[in-house]
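Visitor: I have a structure open and would like to talk it through. Could we start with a helix and then move on to other parts?

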Amino acid sequence: MRAAVFRGRERIRLEEVRVPACGPTDAIVRISLTTICGTDVHIWREEYPVATGTIIGHEPVGVIAAIGSALSGYAVGDRVLVGAITPCGSCFYCQNHTEAQCSGHEDQWEMIGGWRLGNSIDGVQAEYVRVPYAQANLAKIPDDLSDEQCVLLADIASTGISAAETAEVQIGQTVAVFAQGPIGLCATAGAHLKGAALIIGIDALENRLHLSRAMGADEVVDFTQEDPVAAIRRLTGGRGVDVAIEALGKQETFQWAVEATRPGGTVSSLGVYGGKLEIPVEPFIYGIGDKRILTTLCPGGKERMRKLMELVRHGRLDLGPLITHSFPLDGIEEAYELFGNQRDGVVKVAIRP
């Protein structure tokens with residue numbers, strides 16, 4: 001089969017590799033649609049460590065091509081959404097309802113989490129993928145939903161919405177979302193779904209600020225035109241927001257998020273940081289500001305994906321406008337250049353094996 005293989009800094013190469021074998025608890029899925037995530041760009045730039053030779057990608061929609069002997073309730077030919085996080089369901093972390101941190105082994109305690117696809121095992125920017133612990137990680141797609149409606153639910157929607165869930169956004173609260181890339185736009189949608197009264201989207205790109213309003217933002221701030229912290233204080237009567245969501249993974253946006261949060265408020269961090277992150281003391285009011293910092297990794301499992309698909313089915317969530325470009329798998333290298341360098345107004349690219 002053809003697959004996008006990581007070969008070093010800014011080198012993703014389309015190569016011929018073996019179709020993966022199916023173990024008893026696995027499924028082999030023929031990929032019909034996938035995409036490139038911002039985390040894949042961190043890998044592409046060698047800002048996040050992944051072994052050379054790994055097939056990249058973790059946002060798949062496809063059709064079951066083979067199923068392991070231990071699986072039940074699935075059949076070859078089923079259309080499925082596969083989560084970016086593939087929890088085993090039985091390890092210490094899964095049993096303590098932190099499935100995103102799944103180790104898969106009782107004696108493994110490293111902080112690698114349940115993000116395996118395109119990280120610790122081969123991923124989905126390919127014609128086929130092996131899904132581990134498939135019984136817990138395949139969500140059948142209803143006939144009335146298209147691949148395009150579902151593909152972004154595998155990771156960015158689940159991750160972005162979880163920022164508002166983890167921060168326990170309450171009805172009537174104020175929320176700022178720093179960076180309106182794909183994850184940030186989904187975080188904006190999550191704050192809207194949770195009932196925030198005032199949502200402020202911060203970015204510098206006009207098309208993303210426009211999309212921010214479409215996803216639920218009440219106000220938008222171009223940080224190249226106005227200091228974002230000052231703008232947030234102006235919009236909140238000087239208090240600051242109840243919740244600030246950081247969705248980019250840079251020191252500057254993290255510090256803005258801390259500064260813009262009111263005393264007693266919450267910073268919900270989603271960004272995968274490409275470098276060292278420092279926590280500034282002053283925005284915490286020298287440690288007496290009662291501010292919380294929370295981090296969130298994409299929730300996994302088939303029930304999470306089923307719920308997200310129900311939001312789409314009933315018109316509560318529409319991620320279609322986020323897919324701005326489309327490439328065949330043969331164009332994966334061009335797609336990385338476009339997406340990684342944020343050219344041509346790109347938000348998300350569809351990759352069609």
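Predicted model: local features only at pLDDT ≥ 70, side-chain atom pairs only at ≥ 80, totals over all residues.

Visitor: Moving on, which domains does the assignment give for the chain?

Guide: Domain 1 is made of two segments, 2-155 and 298-351, while domain 2 covers 157-295. Taken over C-alpha atoms, the centres of the two domains are 26 Å apart.

Visitor: How many residues does each domain bring to the contact?

Guide: Domain 1 contributes 23 residues and domain 2 contributes 17 residues.

Visitor: And how much area do domain 1 and domain 2 bury between them?

Guide: The buried area is about 1700 Å², with 63% of it on carbon and sulfur atoms. On the side of domain 1, the residues that lose the most area to domain 2 are R304, L322 and V347, which together account for 27% of what that side buries.

Visitor: How many salt bridges are found across that interface?

Guide: The rule finds 1 salt bridge between domain 1 and domain 2. The side chains of E165 and R304 meet in a salt bridge, with an N to O distance of 2.9 Å.

Visitor: Which helices supply at least two residues of the side of domain 1 that touches domain 2?

Guide: Those are α1 (38-44) and α10 (302-313). The largest share, 3 residues, comes from α10. By class, this side of domain 1 has 13 nonpolar, 4 polar and 6 charged residues.

Visitor: A change of topic: where does Q173 lie?

Guide: Q173 is in the loop between α5 (156-166) and β8.

Visitor: Does Q173 count as buried or exposed?

Guide: Q173 counts as buried, because its relative accessibility is 17% and the cut-off for buried is under 20%.

Visitor: What does the side chain of Q173 reach?

Guide: The Q173 side chain reaches the backbone nitrogen of Q170 at 2.9 Å.

Visitor: And which residues is Q173 in contact with, leaving aside neighbours within four places in sequence?

Guide: With those neighbours set aside, Q173 is in contact with E168, A196, A197, L198, D242 and V243.

Definitions and conventions. Residues numbered from 1 in each chain as written. Heavy atoms only, no water. Domains from an automatic or database assignment. Contact = heavy atoms within 4.5 Å. Buried area = accessible area lost by both parts, 1.4 Å probe. Salt bridge = Lys/Arg side-chain N within 4 Å of Asp/Glu carboxyl O. Helix = DSSP H or I, 4+ residues; strand = E, 2+ residues; numbered from the N terminus. Nonpolar A, V, L, I, M, F, W, Y, C, P; charged D, E, K, R; others polar. Buried < 20%, exposed > 50% of the residue type's maximum accessible area, 1.4 Å probe, protein only. Polar contact = N/O pair within 3.5 Å; in protein donor to acceptor, adjacent residues only side chain to side chain.
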